[in-house]
Amino acid sequence: MTGPDPLLSIVYISAANQSFDDADLSALLEQSRASNAEKGLTGMLLYRGGRFVQVLEGPEGVVRDIFDVIRNDPRHSGVRVMMEEPITERRFRDWTMGFQPMTVSTEQLPDGFRNTFDDLDEDADPTATLRAIRELSLWFRVRSAQRG
């Protein structure tokens, strides 16, 4: 008899094939949250300027199955896995799909501040990509805690 599926986290980026307004994002989140709760998945979704960054985490087999569905979803293209790693505990255990809108700042940004996902499209240094994903994840969790 085998034990439970180990946990897996996948982070991917993609480009929307259509513009998403608040109603579109709300419908996407409602659908995702219901599906994820049923399947035991957690994660977060960031959307800005026609770009998605998503973290999916849960049992490895379930994450891989749902990611195959996501990869073939016609609402986006250019799906690129930025990080895939086994995890021992969930980073987003309380969210079937957390969401944080990202607004475009008109103020002067401090050095090192991330306000775009564009550099994640390049074949950048893998450690830089990993740092960017962890920064986005931390930013999301801090913002959610402040609002909650």
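Reader: Which residues of H1 are buried?

Author: Keep in mind that this is a predicted model. H1 is a helix that runs over residues 22-39, and a residue counts as buried when its relative accessible area is under 20%. In H1 the residues that count as buried are Leu25, Leu28, Leu29, Ser32, Ser35 and Asn36.

Reader: Within what arc do the buried residues of H1 fall, seen down the axis?

Author: Here's the handy rule: an α-helix has 3.6 residues a turn, so residues three or four places apart point the same way. The buried residues of H1 are Leu25, Leu28, Leu29, Ser32, Ser35 and Asn36. They line one face of the helix, because seen down the axis they fall within an arc of 140 degrees.

Reader: And which residues are exposed on the other side of H1?

Author: To count as exposed, a residue needs a relative accessible area over 50%. On the other side of H1, the exposed residues are Ala23, Glu30, Ala34 and Glu38.

Reader: How far does H1 reach from its first C-alpha to its last?

Author: H1 has 18 residues, and at 1.5 Å a residue the expected reach is 26 Å. The model comes close to that, with a reach of 25 Å.

Reader: What about H2, how far apart are its end C-alpha atoms?

Author: H2 is the helix over residues 60-71. Its twelve residues should span 16 Å at 1.5 Å a residue. The model agrees with this, as the end C-alpha atoms are apart by 16 Å.

Reader: What arc do the buried residues of H2 cover around the axis?

Author: The buried residues here are Val63, Ile66, Phe67 and Ile70. They sit on the same side of H2, because the arc they cover around the axis is only 105 degrees.

Reader: Which residues are exposed on the other side of H2?

Author: The buried side of H2 holds Val63, Ile66, Phe67 and Ile70. Turn to the other side, and the exposed residues are Asp65 and Val69.

Reader: Which element supplies the largest share of the lining of the largest pocket?

Author: The largest pocket has a volume of about 360 Å³. S1, H1, S3 and H2 each supply at least two residues of its lining. The largest share is five residues, and it comes from H1.

Reader: Which lining residues lie nearest the centre of the largest pocket?

Author: There are 18 residues in the lining. By class, nine are nonpolar, seven polar and two charged. Nearest the centre lie Leu28, Ser32, Ile70, Asp73 and Arg75.

Reader: Is Leu8 buried or exposed?

Author: Leu8 is found in strand S1. Among the residues it touches are Leu56, Val63 and Ile87. The relative accessible area of Leu8 is 5%, which is under the 20% cut-off, so Leu8 is buried.

Reader: How far apart are the C-alpha atoms of Leu8 and Val62?

Author: Along the chain, Leu8 and Val62 are 54 residues apart.

Reader: Which residues is Lys39 in contact with, leaving aside its neighbours within four places in sequence?

Author: Lys39 has its place in helix H1. At 34% relative accessibility, Lys39 counts as partly exposed. Once those neighbours are left aside, the contacts of Lys39 are Val62 and Ile66.

Reader: Is Tyr47 buried or exposed?

Author: Tyr47 is found in strand S2, which covers residues 42-48. Its relative accessibility is 10%, and the cut-off is 20%, so Tyr47 counts as buried.

Reader: Is Asp94 buried or exposed?

Author: Asp94 is found in the loop between S4 and strand S5 (98-101). Its relative accessible area is 68%, which is over the 50% cut-off, so Asp94 is exposed.

Reader: In what order do the elements of the protein chain run from the N terminus on?

Author: The chain has three helices and five strands. Read from the N terminus on, they run β-α-β-β-α-β-β-α.

Definitions and conventions:
Residues numbered from 1 in each chain as written. Predicted model: local features only at pLDDT ≥ 70, side-chain atom pairs only at ≥ 80, totals over all residues. Heavy atoms only, no water. 1 Å grid on protein atoms, 1.4 Å probe; cavity = no way out; pocket = protein on both sides within 12 Å on 5 of 7 lines; lining within 4 Å. Points joined across faces, edges and corners; volume = space filled by probe spheres on them. Helix = DSSP H or I, 4+ residues; strand = E, 2+ residues; numbered from the N terminus. Nonpolar A, V, L, I, M, F, W, Y, C, P; charged D, E, K, R; others polar. Expected span 1.5 Å × (residues − 1). Buried < 20%, exposed > 50% of the residue type's maximum accessible area, 1.4 Å probe, protein only. Arc of directions from axis to C-beta. Contact = heavy atoms within 4.5 Å.
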